[in-house]
Amino acid sequence: MIVPNQNVIYPRSIRWWPILVTILVLWLATGLRFYQIGEQSFWNDEGNSARLSERAIPLIIDGTASDIHPPLYYLLLRGWRELLGENEFGLRSFSAFAGILTVAASLPLATLLFKQVPIKQRVVYLAIFASFLAAVNPALIYYSRETRMYAMLALLSALSTLALIRWLNAAQRLRWSVLYIITATAGLYTHYFLPAVLLLHVVIV
């Protein structure tokens, strides 16, 4: 009778490597988004965001009534400036954190999208690679480094898509439907491009 070697630990160590690689990807995303984020002065649209977020909440809502963008980003930015200040670093960091969370959300989203891959280990490879692509994507980096609502739009798009796919595959759908409604509604109050994402969701369904 062959007795298994109890000293062989490589299967357990293999299970740790996706966590370590994911942490490295998130650190990469953080570095790319925060590197010299406060060096340049606000450009025109960023200045508008900074000035609008200075106002009281009723005035922000009133101001966005004549603006081309909905008010949610400016309302959240108003609270954010109370925490980290109103300089370039403080206000841009809101978008930077949204960009990092988008990279983090891409991992479970890609895992769900690639779940039909026959070999489970390949699903892990593909999901981590997808999050890496999100981390180094030039457009996502650019919009994560400015005081505008586009990084927040990307995050809400990813979260609403994740909630939709979980809803389609879950036995208990209530919490995922609630999450979908919240994230989709927040997206609509962030940018008027969100309906294009909702159209994609219709195609998925």
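Predicted model: local features only at pLDDT ≥ 70, side-chain atom pairs only at ≥ 80, totals over all residues.

Visitor: Where does Arg 175 lie?

Guide: Arg 175 belongs to helix H9, which covers residues 174–188. The C-alpha atom of Arg 175 is 8.9 Å from that of Ala 163, and the two residues are 12 residues apart along the chain.

Visitor: Now Ser 106: what makes this residue buried?

Guide: Buried means under 20% relative accessible area. Ser 106 has 14%, and is therefore buried. Ser 106 sits in helix H5, residues 88–113.

Visitor: Which residues does Ser 106 touch?

Guide: Leaving out residues up to four places away in sequence, Ser 106 touches Ala 130, Ser 131 and Ala 134. To count as a contact, heavy atoms must be within 4.5 Å.

Visitor: Let's move to a pair of helices. Why are H3 and H4 described as roughly antiparallel?

Guide: Helix H3 (residues 57–64) and helix H4 (residues 72–84) pack at an angle of about 150°. Angles over 145 degrees count as roughly antiparallel, so that is the label for H3 and H4. Their axes are 9 Å apart, and H3 passes H4 in a right-handed crossing.

Visitor: Which residues make the contact?

Guide: From H3 come Ile 57, Ile 60, Ile 61 and Thr 64, while H4 supplies Tyr 74, Leu 75 and Arg 78.

Visitor: How do the residues of that contact divide into nonpolar, polar and charged?

Guide: The contact of H3 with H4 has 5 nonpolar residues, 1 polar and 1 charged.

Visitor: Stepping back, what does the secondary structure of the protein come to?

Guide: There are 10 helices and 0 strands, and the pattern along the sequence reads α-α-α-α-α-α-α-α-α-α.

Visitor: And what about burial and surface for the protein?

Guide: Of its 205 residues, 38% count as buried. The accessible surface of the protein is about 12,500 Å², with 68% belonging to carbon and sulfur atoms.

Visitor: One last item: among contacts between residues at least 6 apart in sequence, what percentage join residues at least 24 apart?

Guide: In this protein, 71% of those contacts do.

Definitions and conventions:
Residues numbered from 1 in each chain as written. Heavy atoms only, no water. Axes fitted to C-alpha atoms, helices over the stretch in contact; angles between N-to-C directions. Helix = DSSP H or I, 4+ residues; strand = E, 2+ residues; numbered from the N terminus. Parallel < 35°, antiparallel > 145°, perpendicular 65-115°, else oblique. Left-handed = near helix turned anticlockwise from the far one by under 90°. Nonpolar A, V, L, I, M, F, W, Y, C, P; charged D, E, K, R; others polar. Buried < 20%, exposed > 50% of the residue type's maximum accessible area, 1.4 Å probe, protein only. Areas by Shrake-Rupley, 256 points an atom, 1.4 Å probe, with all protein chains shown as cover.
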